[in-house]
Amino acid sequence: MSTTAIDRGGVALEGLPEHANVPWRPRADEAAIIQAGQRWTRSMLAHVVPISATGLFFMLLGPVPAVVGLILLAHAWAIPELYANRGAGVLRSRRPVASTAEGRALLLLGDLVSDEARRVHGETGLILEHGKLGVWLLAEAGAVLVAPGGRRVFCYCVKATGRDLPTSDRIAHLLLALRCDEYGFVTVANLGFSGATWRLRRRLAPEHREALREATRAAVQGLGYR
């Protein structure tokens with residue numbers, strides 16, 4: 001899965017300097033994000049509909065062709081599941097290593113977030129952040145945006161540079177970059193999946209499903225948008 005790196009010094013009040021690394025990308029806004037979701041939907045339909053139609057056609061031809069039809073229908077079902085699994089990958093992270101550096105990084109992260117976010121992190125390992133575009137879930141290698149209304153998610157691959165950075169330090173850096181320039185954060189990150197929230201939920205680990213449930217509830221109620 002391709003990722004975009006956020007440099008450790010990559011937070012500036014006027015925006016994210018990492019945008020200079022991807023000058024061909026126009027700065028994201030609400031309309032661009034909506035259009036990105038629509039493109040994902042159209043792309044998925046372009047994959048699934050023809051395969052499904054072909055599968056149904058074979059099933060009408062008789063018992064033997066029906067076997068081929070079933071295989072095609074299974075393939076059509078698997079395509080969006082595979083994309084959702086790729087999206088879920090942005091929240092998968094290595095288990096934090098018990099160390100002094102990790103402990104200090106965790107304390108810093110705890111100072112940056114609210115009581116609610118600390119509770120969610122303690123239970124799931126993810127940081128819940130309310131933004132202008134919706135509700136975010138941050139992990140060490142990516143972020144998931146739950147759009148207002150809670151029906152659609154956007155999964156972004158993005159990470160902090162530095163091989164030996166503690167897990168909490170990576171999350172804290174993404175959090176600071178997001179707060180500094182939310183639209184710039186979306187611009188430099190790579191969109192790995194966009195689709196229905198329920199489809200992503202099926203591919204998540206149980207503790208991450210709970211975090212997504214919290215974020216979805218906040219997105220539905222419109223709680224805490226900046």
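Student: Which residue in β4 is the bridge partner of A139?
Tutor: This is a predicted model: local features need pLDDT of at least 70, side-chain atom pairs count only at pLDDT 80 or more, and totals for chains, interfaces and linings use all residues. Residues are numbered from 1 along each chain as its sequence is written, and side-chain values use heavy atoms, without hydrogens and water. Helices (H or I, at least four residues) and strands (E, at least two) are DSSP runs, numbered from the N terminus. In β4, A139 has as its bridge partner G142.

Student: How many bridges pair β3 with β4?
Tutor: Two strands pair if DSSP finds at least two bridges between them. β3 and β4 make a hairpin with two residues between them. Strand β4 covers residues 142-146, and its antiparallel pairing with β3 has a bridge count of five.

Student: Which residue takes a positive phi in the hairpin of β2 and β3?
Tutor: Strand β2 (residues 127-130) runs antiparallel to β3, joined by four bridges. E129 stands opposite W136 in β3. Four residues lie between the two strands, and the one with a positive phi, near 150 degrees, is G134.

Student: How many of the residues of β3 are buried?
Tutor: Buried means under 20% relative accessible area, exposed over 50% and partly exposed in between (1.4 Å probe, protein chains only). Both faces of β3 are covered, with V135, L137 and A139 on one side and W136 and L138 on the other. For this strand, residues 135-139, the buried count is five of five.

Student: Within what arc do the buried residues of α4 fall?
Tutor: Helix α4 (residues 115-124) has A117, V120, H121 and T124 buried. Seen down the axis, these buried residues line one face of the helix, because the arc that holds them is 100 degrees. The arc is that of the directions from the helix axis to the C-beta atoms. D115 and G122 are exposed on the face turned away from the buried side, and the arc of the buried residues is 100 degrees.

Student: Which residues does S52 contact, leaving aside neighbours within four places in sequence?
Tutor: S52 lies in helix α1 and counts as buried, at 19% relative accessibility. Contact means heavy atoms within 4.5 Å. With those neighbours set aside, the contacts of S52 are L73 and A76.

Student: How many residues apart are E81 and R202?
Tutor: E81 and R202 form a salt bridge, with the closest N and O atoms 3.5 Å apart; the term means a side-chain nitrogen of Lys or Arg within 4 Å of a carboxyl oxygen of Asp or Glu. The pair links distant parts of the chain, E81 in helix α2 (residues 63-88) and R202 in helix α7 (residues 197-202). E81 is buried at 4% relative accessible area, whereas R202 is partly exposed at 42%. Their separation in residues is 121.

Student: Why are R217 and E214 separated by about one helical turn?
Tutor: The two residues form a salt bridge, with closest N and O atoms 3.6 Å apart. R217 counts as partly exposed, at 37% relative accessibility, and E214 as buried, at 12%. They are separated by about one turn because both lie in helix α8 (residues 206-221) at a spacing of three residues.
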